[in-house]
Structures are given as C-alpha cells and as structure tokens.
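Here is a quick tour of a structure for you to follow by eye. Keep the picture open while you read.

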Amino acid sequence: MLDAIKFYQTGSKTVGNRLLNPSMRSNQASESRPNTLISGHRACQGCGEALGARYAIDAAMRATNGQLMIANATGCLEVFSTPYPESAWRLPWIHSLFGNAAAVGSGLAVAARVRAKKAGNTNVPRVIAQGGDGGTTDIGFGPLSGMFERNDDVLYICYDNGAYMNTGVQRSSATPPAARTATTQLVGSEPGADWGKGKNVPLIAMAHGIPYVATASVADLRDLEYKVQKAMSYHGARYIQILVPCPLGWGCASSSTVTVARLAMETGFYPIFEAEYGKVTSVRKITQKQPVINFLKLQRRYAHLTGKKGDPKVLARIQAMCDENIKSFGLIGDEVPETVPVAIQALERNQTV
Amino acid sequence: MLKQIEGSLGIAEAVALCRPGAVCAYPISPQTHIVENVGKFVKEGKLQDCEFVNVESEFSAMSVSIGASAGGVRTYTATASQGLLYMVEGIYNASGLGLPIVMTVASRAIGAPINIWNDHSDSLSQRDSGWLQLFCESNQDALDTHIMAFKIAEEVGLPVMVCMDGFVLTHAFERLDIPSQEQIDSFLPEYQPKEFLDPKEPISMGAMVGPEAFTELRFLIQRKMEKALDVIERVTKEYRELTGHHSGGLLDCYRCEDAELKLIILGSSVGTAKDEVDRLRDQGIKVGIISLKSYRPFPYAKLREAIGDCKKVVCLERSFSYGARGIICPEVKRAMEGTDCDIRTTVAGLGGRAIFGSTINKIVHASLEGKLKDEITWIDMDTKLLNSYLKDAEGVTVPEDALVDDSVLKATVGHA
C-alpha cells in the first residue's frame, strides 16, 4: 500500500523521491526560483490547482528565460490569484472571459510576434493559456479547438479537477462517472455522475495533430516540470492536462492532495503520457499498482461506493475502467502503445448500450 | 486618390492605411468583403507587420482581438448581426478592459426570422456595452470614419464600432477619395499603447473587482465617454483639415436653417433623405435633416443646439425596442427636456425594406399634416399582409393603408 513510499525532506528539497539522484530532485524554494505565482493568494488549503500552476508556470518561466505571458480563463485560479487590488502573478497576465482563454492566447501570440518583428527583436515572448476543466473541455472548447487547428504558438494548460469547483462543484464533461457533484447528487438508482458521458480532451487534442500533448499530475512534479519544459521547446499549439485534486470538491483531506493524485496514477484511473504529432511517445508507468478502491475511499465524492452500502457492481465498473486504461495506454510493462489509445468513455458507452 | 470601388474594398484600404498589427476575421454577411480584402493585403505584403487570423467564430474573433490589443498592437475586426451577438460577452469585456479595438459593424437585422438585410438592430442592441458607436452616411464617410476611429479609440481608451449599413453601403460601388499613406501616417502615428502585456514590465489585467470599486470603474468608463465627445470633434476637425473631406463628427445638419421640421436619421438613409429634402425645399416646404453620427456617446448638448428653436422633430428609426418604443426617440426627448419641441418617431426600413424618397416624403407630409398622432408610427406597413395573418389567427384587422400607430395597435388587441 501507499504507506510504503517514503518521502524525505532535506532543507528545501521537500519533494525529492529518495530513489532520485540529488541533481534530479526538486527544490521547493530557492533563490533562483521565479515564484511566478507568489504566496499570499487565496487558494484553499491543499489546492491542487495552485500547486500545479506554481510548478508549471515556474518551469515555463525557466524554459523561456522569463519571456512569458499568460491568458487565464475565469475560474478558481483567476479568482484566488487576482482579487483587486492584489495580484499573485509576477508575469504579464490577463483574464478576459470563461470560454476564451485559448483565443486570447492566440491574440497575445500575434501581438508578441508583430511587436518583436517591428522592433527587430528575435526574442519573442511566449504565451500560455490556462483554465480549469470547465473552461477547457466545455465552454472554452470551440476556441481551444480553433487554436489547435490553426497551430497557434500557444501552450494551453488545463488544470483538471473534474468539476466546476469555483461555482460550487458542478459536473463538467471531465467529471468521472459515479462521482458526486452538486448537479450529479447521490440520489436515485444511479447516484453520482452518469456513465457513458464526458470526453477525453488529450486524445481530441492529439487528433488535431498538434506538436505536443501530455497529461501530468501534481503527484509527479518533476514529470510535470519536464513536460512543460518540453512543451516550450516546441512552437505551435501544445496541450498539457494536469490532474489537480480539489480537497473541497472531492471531499478529501487537504493534506492528501498529492496522495490522492498519486493514487489516480497508480490505479490507472488517470493515465499519464505524452504524445508528439498525434502519436504517444512515452507513458508514465505504474510503479506500484493499486486497486481503485484505494483511490476512491479517500474521497467523499465516492462515499456511496466505498462504505458498507457500496454497490460492488459499480465499483467493479470503475475497476474495469482503470484496467482498460492500463491496457489501452500500456501503463504496465515496457511498451509504448503503437495505436492511439481509446477514450475510456468508449468502454462506458459500449457497456451502457 | 480617386477610385470607383466597392464600399467594402474602400474600408479595407482605409484599415490598411492605419497599419493594424492584428486583423481577425470570421465570415458573416454583409461584412465579409472587408476582411477578405484586408486578408489579401496582408498575404500579398501590401499591409506589412500585420497578422490576419481566420478564427472559428465571432466569439473567438473578439477574443483574439482582445488578446492582440492587450498585447500592444493596433487591432481591427468586423462583424454584423448574429455575429455581433455571438461575440457580446467579449464586446463588454473589451470596453471594460479599455482596449482600443476598432470594429466595423455592417449593420444587419437580427433573427429570427433570419434576415441578412440592413437595419440597425444589431449595433443598437449593444447600446450599453461601453463601445463608441459611430454611424456613417456614405462610403466616403465610412472610409474616413474608420481612420478617425483608430485615433479616437486610442485617445479615449475605449473600443469603437463603426456602423455602416450592410449591403446599401458595403456592397455599393461609389467614387471614393482615398487619402495617401503619408497623410494618414502624419494623422495617425504608430500605435503607442498606454499599457500592455510586456515581460519587461509585468502587469495583471482583468482582475476580479468587488463592490468596493466596481461602481467607480463604471463611472470612469462614463467619464471616458464624456471625454470622447470632445475627442471626436477635435479628431474630426483635424481630419477634415488634412483631407478636405466633410466626414465624421458628432452630427451633421443638412438644410436645417429656418427649417420648420427637422428629421433625425442615422446611416445611409440620410443620403436618400437629402435628395427628397431638396425636392421638398423646391416646393417651399421647410424641412432639414440632422444626421446623427455618434450614437454613443450621445451628443445631447450638440443635438439640442442643432434642433435649436425648431418646434417639430421626427426621428426615423431602423430598429425597435419591443414592449417599449423607438430607441433613438427617448434620447432626443432627453436632449430637448424642458422645451416645447414636439418629438415623434417613425419606424421604417426594418430587415432591408427599402427607404425611398417617397418614404421620407410620406413622413414629412404626415408630420406637417398632423397625422403622426402618437409618439410612434410604423411607416410603409403592408397592412394587407398583416391582416392576412391577424384575420385568420385572431379575427381582427387593421384599417388598410393606415399609418400604423399606437391607437391602431391597441385597437387590434382590444384596449382601444
């Protein structure tokens, strides 16, 4: 079980895994760290999105030597970081609307290129557009697809916590089946979110043939940093989707954000991989496979599955989903899948019909 | 340079003269020819240091424009009708952020029923959006107003809609006098944004503002609008001196001296009305026209001055506010508050129904003969067509060939 994995802290090296050699360990704090999303913002305790954004944007700042701008969708990240007259961002940052971050990012990239060209400057600032899963997979999906299709020079980062947390935990198209949200409550014969709904945006992004697509997790910050850095080495449209647990929405302890995120990886619930030009090029292998119940039981949004009254059939379905992911993405073993993995919703729909 | 060209091409040439850095396009009639031509100029290298972005919706057209403008380049886009409505969330956002985007609205009706023809219901639906709205009489006026619009927008710190009648202007071939690049370069220098997103000096734009400062920010936009009244006049004066073109301004008076009746009209119908007013003047009928150029900001003082001591004013409106009345008329009444000026309004030219000289003639005679009984009268209503529906559906009819006003309307719903 998870307790077997030990972390150690030495000075500022708080997130290094003891199996890594010292040069590969992360610094939690250092003089050279950009601290682009600086402390003092209003995120909840244990916020996965704040953690993910801090590491992702700092990595991008390093990769671009500070020549970076952000377009931010409406949502928790925007609200907790910029309540007027405060801002926690130490880089050029704009919030416009809920559904248009990708398009605003495209516009910023145009402006940066044009200004640099006019000034005879070859150092063109780079652009990240970012939002939560609601702003990305639902309301911002059209502009996102447009940005992909035009191959605009924007890295889009989706902080996926599987629901509209900012408005009070409502279901999005990234909400997993059977999960409790305010609009998929634990009532009726099939409590929680419906089966056979939702979409896999990383796979859809790959179908656009864009240079780089990756999923990542706040449970593996080194992998996240590597992926952001790699994304910034490409020009054109790029997409990274980071699993960021929300203690409030998921009903887990605020001290368990990383644990829950790790279990999402180790159960196959959330495949972590990267793809270049539409093909999967690497998969983060499961190091210590866990049954999905270990992931579910830490979260009250699944309380109806894990208690004494839990329906074993539903639990088996979620386990089947994880097993299918493991197979489809090759999460165990040495292989990288040669075919494009299939969205897990296909399995759900197949069963439902 | 004189050219005999389509209005849309003229606008594209004007936009190119202003050297924008970003132009966004999504097709919607009747605006398409403008961005098609701008796109061509960019692709063939005639318009340099500019990127032309084909987006997937008007919502993204406005959003890319917001990003480009916030990124510090001069930004242009164009839309109409449904497209304008599709970008509304971005429209309000652009003005709230104070981004000096210039956008053509090739004015067109809004569905349902779908209708591609000209009226003013699209732009006027954005009355309260915080954009300046400048209406154009002719293609020359539209061409010149676009050039002035960039200067006005950048000085005021608000976006500008240049409203030109769809098809009637955009697709009409007329002689246009296009200023030279040297002239426009001297009039409109390279864009120097007051603030923009720059890694050298990072700022946060679009923060969340609560009750503690929201009202004050709204007041500041109103203050910009107030300032815009002066800026429009000053920029117009400068432009007229530079080019000799009589374009732009807050409003324009035609044969208003000693007029006993003044018509207030927006857009291309002014041209039609001018011809008819000339004929009426020849017959000794003292009628003049006030062409309202700036709808937002609304030039209350200037309009009051233009109406002067004239006792009869009739507005011609190409839009309507359901459940209320006209949209222009209440503004005119506000301008004339406390006077005994009689202000009526007429609704005509909806969804592309032509406004002929005879329409203007009918309005003038109806007014002078005291036939505009209510505040509002619908002109050129096809009462036969109306009755064909009303009779079957509800067993009521309106008198044929009537001027349809409130009393007629009320009679059909049983509140006479």
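Is A:Ile318 buried or exposed? A:Ile318 is buried, because 22 other C-beta atoms lie within 10 Å. (Buried means 20 or more other C-beta atoms within 10 Å of a residue's own, exposed means 12 or fewer, and partly exposed is in between; C-beta atoms are placed from the backbone.)

Before we go on, a word on the ground rules. This is a predicted model, where local features need pLDDT of at least 70 and side-chain atom pairs count only at pLDDT 80 or more, while totals for chains, interfaces and linings use all residues. Residues are numbered from 1 along each chain as its sequence is written, and chains are lettered from A and ligands numbered from 1 in the order in which they are written.

**Chain A**

A:Ile318 sits in helix α12 (residues 312-329) of chain A. (Helices, H or I with at least four residues, and strands, E with at least two, are DSSP runs numbered from the N terminus.) Setting aside neighbours within four places in sequence, A:Ile318 is in contact with A:Ala178 and A:Val292; contact means that the C-beta atoms, placed from the backbone, lie within 7 Å. From A:Ala231, 87 residues away along the chain, A:Ile318 is separated by 32 Å between C-alpha atoms.

Now zoom out to chain A as a whole:

| Feature of chain A | Value |
|---|---|
| Helices and strands | 13 helices and 8 strands |
| Box filled by C-alpha atoms, along the principal axes | roughly 65 × 45 × 45 Å |
| Buried share of the 353 residues | 51% |
| Share joining residues at least 24 apart, among contacts between residues at least 6 apart in sequence | 67% |

**Where the chains touch**

Over on chain B, 36 residues are in contact with 39 residues of chain A. On that side of chain B, two or more residues each come from β3 (51-54), α3 (58-70), α5 (88-96) and β9 (204-205), and α3(B) gives the most, with 9 residues.

The β9(B) strand also pairs with strand β2 (residues 93-95) of chain A, in the parallel sense over 2 bridges. (Strands pair if DSSP finds at least two bridges between them.) Here A:Ile94 has B:Met205 as its bridge partner.

**A helix tucked away**

Helix α1 (residues 7-17) of chain B has 11 of its 11 residues buried, so α1(B) is largely enclosed by the rest of the structure. Among them are B:Leu9, B:Ile11 and B:Glu13. Just after α1(B), B:Arg19 takes a positive phi of about 50 degrees.

How values were computed
Two residues are in contact if their C-beta atoms, placed from the backbone, lie within 7 Å.
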